[in-house]
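The following paragraphs lead the reader through selected parts of a structure. Please keep the sequence and the coordinates at hand.

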Amino acid sequence: MRIVIAGGHGRIALRLERLLAARGDEAVGVVRNPEQSGDLRAAGAESVVLDLESASVEEVAQVLRGADAVVFAAGAGPDSGPARKETVDRGAAVLFADAAERAGVRRCVVVSSMGADADHPGDEVFDAYLRAKGSADAYVRSRSALDWTILRPGMLTDDAGTGMVLLTASTGRGPVPRDDVAAALLELLDTPATAGLTLELISGNVPLSVAVKDVAGN
């Protein structure tokens, strides 16, 4: 498969790129900073330098054409303010979805956030983040031309992955290693029957492959 990943230098994206490359798939990471391209090559991925805050739909669609699936894993980052939550966490996700449609790529997996809600109240930066992610999720879910799956992990950690998770529509709060989030993205990409699902993910006691099969109805 050829998988194009927005936010290709993120800590989850780099893990996913390594997993894809290890099994012979073609991973393409979209990054804004050309200095990050070396890290993607080290992960076994191709890099495309493109700023999703300023690119047009057609520019992004050119990158996506020929892909089997796309993954949106970009984010403005914890040090950004409300304005960039809007331009990256919402705006870039909307752009990526529109570009996937234009490029004819149906399969779209989005890394969202537990608690994402377009109507989330509050004036803190994290409140703005949850609103931005919620709005982006709602937009992606509205696109009938996309076979979308939205993954909402719990508190991300850099602990080693265990492969044991809880994956359901509503898990409750909890931590999850980035290793396991990346592995879950891979399983979701491999399981088309998860299209149309919004799922939460935390560490648990079910093997990841079994958890994905359960939510897919297999």
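Strands here are DSSP runs of E of at least two residues, and they are numbered from the N terminus. The model under discussion is a predicted one. With that numbering, T171 lies in the loop that joins β8 (164–168) to β9 (175–177). Is T171 buried or exposed? Buried means under 20% relative accessible area; T171 counts as buried because its relative accessibility is 14%. Leaving aside residues up to four places away in sequence, the contacts of T171 are M114, L166, E200, L201 and I202.

A second region concerns the packing of two helices. Such a pair is described by the angle between the two axes and the distance between them. For helix α4 (residues 82–103) and helix α5 (residues 125–141), the axes come within 8 Å and cross at roughly 10°. Angles under 35 degrees count as roughly parallel, and α4 and α5 are therefore roughly parallel to each other. The crossing of α4 past α5 is right-handed. On the α4 side, the contact is made by P82, K85, D89, R90, A93, V94, A97 and D98; these meet V125, A128, Y129, A132, K133, S135, A136, Y139 and V140 of α5. Sorted by class, this contact comprises 11 nonpolar, one polar and five charged residues.

Strand β2 (residues 26–31) is largely enclosed by the rest of the structure, because five of its six residues are buried. Strand β1 (residues 2–6) pairs with β2 in the parallel sense, over five bridges. Within this pairing, I3 stands opposite A27 in β2.

Conventions:
Residues numbered from 1 in each chain as written. Predicted model: local features only at pLDDT ≥ 70, side-chain atom pairs only at ≥ 80, totals over all residues. Heavy atoms only, no water. Helix = DSSP H or I, 4+ residues; strand = E, 2+ residues; numbered from the N terminus. Buried < 20%, exposed > 50% of the residue type's maximum accessible area, 1.4 Å probe, protein only. Contact = heavy atoms within 4.5 Å. Axes fitted to C-alpha atoms, helices over the stretch in contact; angles between N-to-C directions. Parallel < 35°, antiparallel > 145°, perpendicular 65-115°, else oblique. Left-handed = near helix turned anticlockwise from the far one by under 90°. Nonpolar A, V, L, I, M, F, W, Y, C, P; charged D, E, K, R; others polar. Pairing = 2+ DSSP bridges.
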